[in-house]
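Me: I am new to this structure. Please show it, and then let us go through it by question and answer.

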Amino acid sequence: MTATSCAPIADDTNTPDAISITYDGLTRYTTFNAKDGSVSNTSEVVTYSAEEMPTYTAEADGNMTILVDYILVDNSDAQSISISYEATQSGETVGERSVSDVPIQRNYLTTVSGKALNSTESSTENEKGSGTDSEDFDGNLDVDMDEIAPYNDIVVTAGSSWTLGQEDASYEVLEDENGEYYVYVTTNESGRGDLKLASSDNHVVIDLKEAPILCFRLTVVSDDAENYSQTHITIDTSGNLLVDGDDDNNPSGTKYSGGLSNGDTKWNTKYYCKDGTDLLIYELTGDNARTLQNGSTSSWETLPSACSFGTFQIKYADIKDSNSNATQAYYKFYWFKSFATMDDLETYLKEINLEYSSTAYN
């Protein structure tokens, strides 16, 4: 286990001087039979503590190894455990975090790295820091606690099925030159082709606390100004917003009509990607938060943090050609993801090597 940073959380007074590491979900064997390879006897001891930390700065020393542990395991496939860290300074907690789905397997090295000593961010399946480096499986199992994982993660896969809002619109799933799949939507002749991301039995849950930054990767037809003069895009949430255990048959589900910020093109930020796609970003908290419509504009702040939508679709409409006439058009949809902060989104875009700019590429 390595630490990529030992800097103080807020100021110099918070630099950790001790750490404890706890395993959860681990069967700890204490006896190994070298003849037949079997293991036996178990121990409940799963916590390690170091009461003194060496003098260390990330800038001068780089990553620091904080624990090397040899774990006896059986001959089964990789199992997953959780690891939690608590860093203290003079006995007071100054940083703690956990990481789940850490793989261990006989004859493999598992390396867990990240800001273990100065972070209070917990890691779960839907947050940062879980999983293995399966694309480069060379005998090691690597877990990066600081890797960004989206909260919502609706992506296009080979052979996936989608639903459009208009019977006379159509789609097909295609693969681009980078091996990524996308939905290629053909609108109807009136320039309308809505793509549904939710249904009555497959809701989209938006969590204002965990992930209030919504990002849609698609193409915007009107970027091609020579051929198109207008495109209206709305994130449509018309229907019942379900909270507090409501379901579709419960009339107490709050009824909303309209979409984010009561209209089209109401995103906070638009990024142009070098590959020709666009990122439309909606912020649901903060000074410029997008709102819901419920007869009149309503703030998210009046709602519980997690809201379940049976209707959540990209309303793609009113496409006009260069002569301002309604026209059939085509657009691509790659994914919808949500993040805790704009910094997390931008870090994720760097991790996937998606080049983007706030201005259009020539």
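This is a predicted model: local features need pLDDT of at least 70, side-chain atom pairs count only at pLDDT 80 or more; totals for chains, interfaces and linings use all residues.

## Strands, a helix and a pocket

Me: Is Asp318 buried, partly exposed or exposed?
Reply: Buried means under 20% relative accessible area, and exposed means over 50%. Asp318 has 39%, so it is partly exposed.

Me: Where is Asn107, and what is its phi?
Reply: Asn107 sits in the loop between β8 and β9. Asn107 is not a glycine either. Its phi is positive, at about 70°.

Me: Is Asn107 buried or exposed?
Reply: The cut-off for exposed is over 50% relative accessible area. Asn107 reaches 75%, so it counts as exposed.

Me: How many helices and strands does the protein chain have?
Reply: The chain has 362 residues, and 42% of them are buried. Of the contacts with a separation of 6 or more, 70% join residues 24 or more positions apart. The count of elements is two helices and 28 strands.

Me: What is the average confidence, and which strand scores highest?
Reply: The protein chain averages a pLDDT of 78, and 72% of the residues score at least 70. By element, confidence is lowest in strand β24, residues 296-298, with a mean of 52. The highest value, 97, belongs to strand β14, residues 181-186.

Me: What volume does the largest pocket have, and which residues are closest to its centre?
Reply: The largest pocket holds about 610 Å³ of space. It is lined by 25 residues. The closest to the centre are Asp69, Tyr70, Ile71, Tyr108 and Thr110.

Me: Which element gives the largest share of the pocket lining?
Reply: Elements that give two or more residues to the lining are β7 (79-89), β8 (92-104) and β9 (109-114). By type, the lining divides into 17 nonpolar, six polar and two charged residues. The largest share is four residues, and it comes from β9.

Me: Why do the buried residues of helix α2 lie on the same side?
Reply: The buried residues of α2, residues 342-351, are Met342, Asp344, Leu345, Tyr348 and Leu349. An α-helix has 3.6 residues a turn, so residues three or four places apart point the same way.

Me: What covers the buried residues of α2, and which exposed residues are on the face turned away?
Reply: The cover includes β17 (213-218), β21 (269-273), β22 (278-283), β27 (330-339) and β28 (356-357). Just after α2, Asn353 takes a positive phi of about 60°. The face turned away from the buried side carries Asp343 and Lys350.

Me: How far apart in space are Phe336 and Pro150?
Reply: Phe336 is in strand β27. Phe336 is buried, with a relative accessible area of 0%. Beyond its neighbours within four places in sequence, its contacts include Asn152, Leu197, Phe216 and Phe312. Phe336 and Pro150 are 186 residues apart in sequence, but C-alpha to C-alpha they are 9.4 Å apart.

Me: What does Gln166 touch beyond four places in sequence?
Reply: Gln166 is in the loop between β12 (163-164) and β13 (170-175). Its relative accessible area is 14%, so Gln166 is buried. Gln166 touches Asn188, Arg192, Gly193 and Asp194.

Me: How far apart in space are Leu292 and Thr237?
Reply: Leu292 lies in strand β23, residues 292-294. With a relative accessible area of 0%, Leu292 is buried. Leu292 and Thr237 are 55 residues apart in sequence, and their C-alpha atoms are 8.1 Å apart.

Methods. Residues are numbered from 1 along each chain as its sequence is written. Side-chain values use heavy atoms; hydrogens and water are left out. pLDDT is the predictor's confidence in each residue, from 0 to 100. On a 1 Å grid over the protein atoms alone, a cavity is a set of points where a 1.4 Å probe fits but cannot get out, and a pocket is an open set with protein on both sides within 12 Å along at least five of seven lines; lining residues have an atom within 4 Å of a point. Grid points are joined across faces, edges and corners, and a volume is the space filled by probe spheres set on the points. Ala, Val, Leu, Ile, Met, Phe, Trp, Tyr, Cys and Pro count as nonpolar, Asp, Glu, Lys and Arg as charged, and the others, Gly among them, as polar. Buried means under 20% relative accessible area, exposed over 50%, partly exposed in between (1.4 Å probe, protein chains only). Contact means heavy atoms within 4.5 Å.
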